[in-house]
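Hi,

Here's the structure I said I'd pass along.

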Amino acid sequence: MPLTKLRILTDRMTGAERRFSLRTLVALSSLPLFGVVAAFGLAPDTSTLDITPETITEAIALPALASASNAATFERESVMQSGDTLASALSRLKIDDLEIQRLLATDAVRQLASSVRAGKRIQATTTQDGQLLTIRFERSDAPALMVRRQGEAFVAEESSDLVETRVVMRSGRVLSSLYGATDSAGIPDKIADQMAETFSTSLDFRNELRRGDTFSVIYTVNYRNGEPITAGKLLAAEFVNAGKPHRAVLFRDPFGREDYYTPEGESLKKGFLRSPLEFSRITSGFTSSRLHPLLGFYRAHTGVDFGAPTGTRVKATGDATVAFAGRKGGYGNLVILRHQNGYETYYAHLSAFAPGVRPGRSISQGEVIAYVGTTGASTGPHLHYEVRIAGTPYNPLSVKLPGSAPLDAAQRARFLQQTASWSEKLVQLRGTNLAALD
Ligand SMILES: [Zn+2]
């Protein structure tokens, strides 16, 4: 990390230079966790329409600090190129050949020579006449290796793993599919899922996605020793669908609950999801009377049928308690969820129940409760879904469903304080997208 490098330099600096580098440190830390904003001006390829999603995240390099005229030490850096040997990379640092040989004779460095990869940085401090003082090697799966001069020899220092969370911003444009676009933009699947889930109450990614839709995401990635290890969480996102922006920011309330809101503070979590399945087509709508395919006579269809393969995950459309999970006549395997205000939802013809789904258990919105099947009076795999209010079935596609409660005044102040900078970043990211579209 740049800050580590800075600290190494600071240790070896005279008073005046120390003040200089401390100022630099302050400037760096005032970049909010990442230096991405400064990279916006560098976004390449902003001219043509057909470029695939732009990745506009750039790591910020530390400003060159070693040029102070009277410095007793010099800092030099070299990046391993493909085809490099450690020796050839070291010679670019203008280290004396004899010193290089001595260094390569050090056990830890000799071991490193066979495993060091292209892209890794080597940072050296030398005296004015080129004598090596310290050298730091970035490694692939281990913390950087620091080697110091001790008299005529070099001594390697092992340091512990450096684990950190970084904030990453990326933008992209949809050319064919959502996941195609997020892949091209280098966005981890987990983050793409979180974005799709977050906007699922306001946007139907299956039917409403347009070629040319743009999106921006701000998320965390967990790093160990400078290598990304796992995707963290989505902090903010914008999806511009057919010219209409949808935005989301993550808010953590004083009890530690996290949810997504619009930048204006409206909850994106609706009282009910539109559909209990991620992707599906409606094969039979709600009717007051229809010819039943198995029974052969007319009767009301009190729900909606979603065609989906056996085994497709069925999600609770709202926070609820399980009222029933078992077999029930023509419904076959059935889950009934009881929500607030007399609302109930029915999920029928299931092939199986999710573990632990039994009466009395509380379920969160979006939680998987069962799997699509064709049990009971069913001609093929599909989910029969009902919404009942005080026992009466209503058309799930048109019934007015209750929304989530808005933030109260105290929460709102906290919300704005916590999310304003992300909302601002989304606007900046969008600016870069629009430039690319022109
Ligand atoms: Zn049905």
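Below is what turned up, starting with the metal site and moving on to the rings.

Keep in mind that this is a predicted model. The zinc ion has His301 (NE2), Asp305 (OD) and His384 (ND1) as its protein donors, at 1.9 to 2.2 Å. Along the chain, those donors follow the spacing H-x3-D-x78-H. His301 sits in strand β13 (residues 298-301) and His384 in strand β22 (residues 382-389), so the two histidines tie together parts that are 83 residues apart in sequence. With 4% relative accessibility, His301 counts as buried; His384, at 7%, counts as buried too.

On to the aromatics: there are nine aromatic pairs in the structure. Phe205 and Phe239 have ring centres 5.1 Å apart and planes at 90°, so that pair is edge-to-face. Phe205 comes from the loop between α8 (189-198) and β7 (214-224), while Phe239 belongs to strand β8 (residues 227-241), so the contact ties together parts 34 residues apart in sequence. Both Phe205 and Phe239 are buried, and together with Phe215 they form one aromatic cluster.

Phe272 and Tyr343 make a tilted pair, 5.6 Å centre to centre with 35° between the planes. Phe272 is in the loop between β10 (258-261) and β11 (281-284) and Tyr343 in strand β18 (residues 343-350), 71 residues apart. Phe272 is buried at 8% relative accessibility, and Tyr343 is buried at 11%.

Two charges over rings as well: Lys328 lies over the face of Phe324, 5.1 Å from the ring centre, and Arg388 lies over the face of Tyr346, at 4.4 Å.

Cheers

How values were computed. Residues are numbered from 1 along each chain as its sequence is written. This is a predicted model: local features need pLDDT of at least 70, side-chain atom pairs count only at pLDDT 80 or more; totals for chains, interfaces and linings use all residues. Side-chain values use heavy atoms; hydrogens and water are left out. Donors are N, O and S atoms within 2.8 Å of the metal (3.2 Å for Na, K and Ca); water is not among the atoms, so sites may look incomplete. Helices (H or I, at least four residues) and strands (E, at least two) are DSSP runs, numbered from the N terminus. Buried means under 20% relative accessible area, exposed over 50%, partly exposed in between (1.4 Å probe, protein chains only). Rings of Phe, Tyr and Trp (its six-membered ring) pair if their centres lie within 6.5 Å; planes under 30 degrees apart count as stacked, over 60 as edge-to-face and the rest as tilted. A charge sits over a ring if NZ of Lys or CZ of Arg is within 6 Å of the ring centre and within 35 degrees of the ring normal.
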